[in-house]
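Me: I've got a structure to get through today. Help me read it, please.

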Amino acid sequence: MAISGIKGFNDILPGEVETWQTIEKTARRVFSCYGFSEIRVPILEKTELFCRSIGDATDIVEKEMYSFVDKGENKVTMRPEGTASVMRAFIEHKLYAADPVNKLYYMGPMFRYERPQKGRYRQFHQIGCEVTGVTDPRIDAQLLTMLCHFFGELGLTEPQLQINSLGCPECRPVYRQALQAFLRERLDQLCDDCRRRYATNPLRALDCKSAGCKEATVGAPSVLEHLCAGCDDHFARTRGYLDALGTGYGINERMVRGLDYYTRTTFELVTGLLGSQSAVAAGGRYDGLVSDLGGPAIPGIGFAMGVERVALLLADQKFSKRPDLFIVALGDEAQLEAFRLCGALQRKGFAVEIDYEGKSLKSQMRRADKLNARYSMVIGGDELARGTAPLKTMDTGNPAEVALSAEAIGALLG
Ligand code: HAM
């Protein structure tokens, strides 16, 4: 019996992969305008890294990590996200030594043991950006604008930017207490998970999908009303700078995020087109993370997008490259000429296809059609004798007689 892949781990097949390449290429192009450089970090890290950064009381650390003990008895985890690894590398290689301001981006697979469904997988891919060393809210607004710019470049205007502030170690505990006091009266309405998390992570009740939690949290105190003066000012200035850049947003005071390292600005880009997996990209500020991981007190802010989700939003668009030319050849001599021309044109940078099986004219033409070639050319005995052949655009069918040389054909293919 054939062996199948593992549930939640997907192959990205030709035909789909061109969409991924477009997403990656667009990201690299847009991010470079904002001064980002790529960083590549390993897939496997010490488990402790994620426990300390994402937080022991989060769903990711509690139930979703692919962790194991390796042959050297080390506890290791396949990264469930990129921020922790990038900050670990930032500290380990003292990237702050020359300049605390670093703008880094990364792309690659992440692993979470979640229930697979449309837009949610166990191996999924993120493209993420992290900025260190800037407290000023201009960077918050600039990063969000870059994210919207990226989606705009892909022709996607639908995802809506939602922002919130989660405060800082000074004001969040005050809010937590206010929320706990509110939830204490409604504990019996909360789902098992939220009741269990009431002491360790009460904010999660605000974005819980269960009907009971939704009802129980109607009228819950707002985090925005509990911000200290510094956080309130930061949030107001972030909004002002977003306005200055013309970047539209909505405020969602119930957005809590599933990772513990966030402080102040948090955000999500949400869409109604992907069912319950509405966040296409998400992130926020993490001013305490670098020092929590043993580095200097350097602030940070970043986001990651789910590439599978972006690809789903682009599913009705075609990004496959069309071959420039299909050379149909009839007879041994013509096949050799087609083979030679094909090679010369490929070396000139054109995408050219030929037949390998000595098929009939009709069958070769069908293949040229199927491959959606821009041009086709038929070479037989007459064409070889003339030294020219008609080059036909497949869309309009207009032929132009052209010499059987890579230079002449290349000039017409453009
Ligand atoms: P996150 O919200 O856990 O944040 O994930 C970011 C994005 O990754 C989500 O919005 C979603 O598009 C995608 N994603 C997450 N889980 C899955 C899954 N199982 N299947 C498919 N896509 C998924 C982070 O990971 C943070 N590190 C973001 C960040 C960077 N914050 C600051 N810097």
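Me: What covers the buried residues of α12?
Reply: The cover includes β12 (325-329), β13 (352-354) and β14 (375-379), along with α14 (381-386) and α15 (406-413). Buried means under 20% relative accessible area, exposed over 50%, partly exposed in between (1.4 Å probe, protein chains only). Contact means heavy atoms within 4.5 Å.

Me: Where does all this come from?
Reply: This is a predicted model, where local features need pLDDT of at least 70, side-chain atom pairs need 80 or more, and totals for chains, interfaces and linings use all residues. Numbering starts from 1 along each chain as its sequence is written, and side-chain values use heavy atoms, without hydrogens or water.

Me: Which residues of α12 are buried?
Reply: They are Ala334, Glu337, Ala338, Leu341, Cys342, Gly343, Ala344 and Leu345.

Me: How many residues does α12 have, and how far does it reach?
Reply: α12 runs over residues 332-347, so to speak 16 residues. From first C-alpha to last, α12 reaches 23 Å.

Me: What follows α12?
Reply: Gly349, with a positive phi near 105°.

Me: Which residues other than glycine have a positive phi?
Reply: Lys94 is one of them, with phi about 45°. Arg257 is another, with phi near 70°. Most residues other than glycine have a negative phi.

Me: Where is Lys94?
Reply: Lys94 lies in the loop between α4 (83-92) and β5 (102-111).

Me: Is Lys94 buried or exposed?
Reply: Lys94 counts as exposed, because its relative accessibility is 52%.

Me: And Arg257, buried or exposed?
Reply: Arg257 counts as buried, because its relative accessibility is 13%. Its loop runs between β8 (250-251) and β9 (263-270).

Me: New topic. How many helices and strands does the protein have?
Reply: There are 15 helices and 16 strands. Both are DSSP runs numbered from the N terminus: helices are H or I with at least four residues, strands are E with at least two.

Me: Is the protein spread out or compact?
Reply: The protein is more spread out than a compact globule, because its radius of gyration is 28 Å, well over the 22 Å that the globule rule gives for 414 residues. The radius is taken over C-alpha atoms, and the rule is 2.2 Å times the number of residues to the power 0.38. Along its principal axes, the C-alpha trace spans about 90 × 55 × 45 Å.

Me: How much of the protein is buried?
Reply: Of its 414 residues, 50% count as buried.

Me: What about contacts between residues 24 or more positions apart?
Reply: They make up 70% of the contacts with a separation of 6 or more.

Technical notes. The expected span of a helix is 1.5 Å times one less than its number of residues.
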